[in-house]
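Work through the exercises below with the coordinates open. Each task comes with a stepwise solution.

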Amino acid sequence: MKNKESVNYKLINLALFIFIIYVLNKLNILNKIMDIILTILLSVILSYVVYPLYKKISNKLNKYVSITIIYASIFILIIFIIYSLIDGSSFIINLIDLFTNIIKFINKINTKYNLNINIDSYLESIITYLINNSVFVIKNVVDFISKLAFVFILSICILFNINYIKRTIKKMKYSLLIYNINEKLKNYVIANLKIILIQTIEYTLVFYIIGHPNYLLLGLLNSLNTMIPLFGSIITNVIAITTASVISTKLLILTSIVSIVLPNIDAYLITPKIYKSTNKLSQTLSISVVIIGGMLFGFYGVLLALPVLIIIIEIIKYKKLGRN
C-alpha cells in the first residue's frame, strides 16, 4: 500500500514544466523555439512532398543531379508565381476590389444601424503604422526570405542523407515509434496538400461561375484557411458573403448558397475520401487543440497544433502496445 503522504512527483514535474514554459514565454524565448520548430517542420514537409519524385528521378540520374533539378524547378515555380501575382494587374485589381467592397459593407452597416464606426480613421492608423514601421516591415520580409532559404537548405540536406537517416532510425530503441510518427505525419501532410489543391480549384471555379468578382482571392484564401479546421472555411465564406452583399442581391443569394453547399461537400464527400487511407482526426478534438494552441502560442500554436496532436496520439498508442 502506497503512503498517502508520499510526494507526487508527476504533479511536481507537471508544475515544473508549466513554470518553465511560463518563464520561456515571458523571456520571449518560447517564440524563438517555436520559430525553429516550425522551420524544421516545414523542411520535413518539403522533403515529404519531393521525396517520391526524387526517388523516381534518382533511379535514372545521380542523386546530386536529381536534387538540383527538383529544387531548381521549385525555385523557378515560386519566382514565376510571385512575379505573376505582382505583375498581373488582374490580381492587384481583384485585391483592391476586395478591400473596397469590405469597406463599402462596413460603411453600409455603419449608416444603417448608426454605429459611428469611423473606418477612415482606422485606415489612416493602419497606413501611418506601416509608414512608421517600414523598417520593421522590411526586416520581416528579409527575415521571411532567409527562413525560406533555410527551409530549402535543410530539406536538401535531409534528402541527401535520407538513406543514412533511415539506417540510424532502424538502430534506435524507439525505431517503431519514430516510424509510426513519420508515417502518420506524412499521411497528414499529403492528405492536406491534396485537400488544399482540390478546394482551391473548387472554390475559385464555383465563385467564378456565379460571377463573384473576387473569385481568385477567395480560392487562394480558402486554400490557406484549410489549415484551420472548420473556422478556415467560415472566414472565407463570411468575406465572400460580405463582399457580395454590396454588389447585388442576386450575387448575395448565390454566394450564400455556395457558402452552405461547398463546405458540406468538402466535409462529407471530398475530405473523408482523401482521409480514408490516412489518419483521420476527430473534428471536435482537432478544433479544440487548434483553439488551445492558438490561445497558448498564437500563430505558431495554430500551425503546429495538429502535428503535435498526431505525435502525442502515436506515443500513447506505442505505450499501450508496449503494455500489451
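The model is predicted.

**Exercise 1.** Classify Lys-317 as buried, partly exposed or exposed. Then find its salt-bridge partner and classify that residue too.

*Solution.* 
1. Lys-317 has a relative accessible area of 46%.
2. The partner is Glu-314, with the closest N and O atoms 3.6 Å apart. The cut-off is 4 Å.
3. Glu-314 has 5% relative accessibility, so this residue counts as buried.
4. Both residues sit in helix H12 (residues 283-323), three residues apart, which means about one helical turn between them.
5. An α-helix has 3.6 residues a turn, so residues three or four places apart point the same way.

**Exercise 2.** How many salt bridges does the structure hold? Describe the one formed by Glu-183.

*Solution.* 
1. The structure holds two.
2. Glu-183 pairs with Lys-186; their closest N and O atoms are 3.3 Å apart.
3. Helix H8 contains both, three residues apart, about one turn of the helix.
4. Glu-183 is partly exposed at 22%. Lys-186 is partly exposed at 26%.

**Exercise 3.** Check the span of helix H8 (residues 175-209) against 1.5 Å a residue.

*Solution.* 
1. H8 has 35 residues. The expected span uses one less than that number.
2. After H8 comes Gly-211, with a positive phi near 90 degrees.

**Exercise 4.** Where is Ile-45 found, and what separates its C-alpha atom from that of Ser-155?

*Solution.* 
1. Ile-45 belongs to helix H2 (residues 29-58).
2. Its relative accessibility is 23%, so Ile-45 counts as partly exposed.
3. Ile-45 and Ser-155 are 110 residues apart along the chain, yet their C-alpha atoms are separated by 8.3 Å.

Technical notes
Residues are numbered from 1 along each chain as its sequence is written. This is a predicted model: local features need pLDDT of at least 70, side-chain atom pairs count only at pLDDT 80 or more; totals for chains, interfaces and linings use all residues. Side-chain values use heavy atoms; hydrogens and water are left out. Helices (H or I, at least four residues) and strands (E, at least two) are DSSP runs, numbered from the N terminus. Buried means under 20% relative accessible area, exposed over 50%, partly exposed in between (1.4 Å probe, protein chains only). A salt bridge is a side-chain nitrogen of Lys or Arg within 4 Å of a carboxyl oxygen of Asp or Glu.
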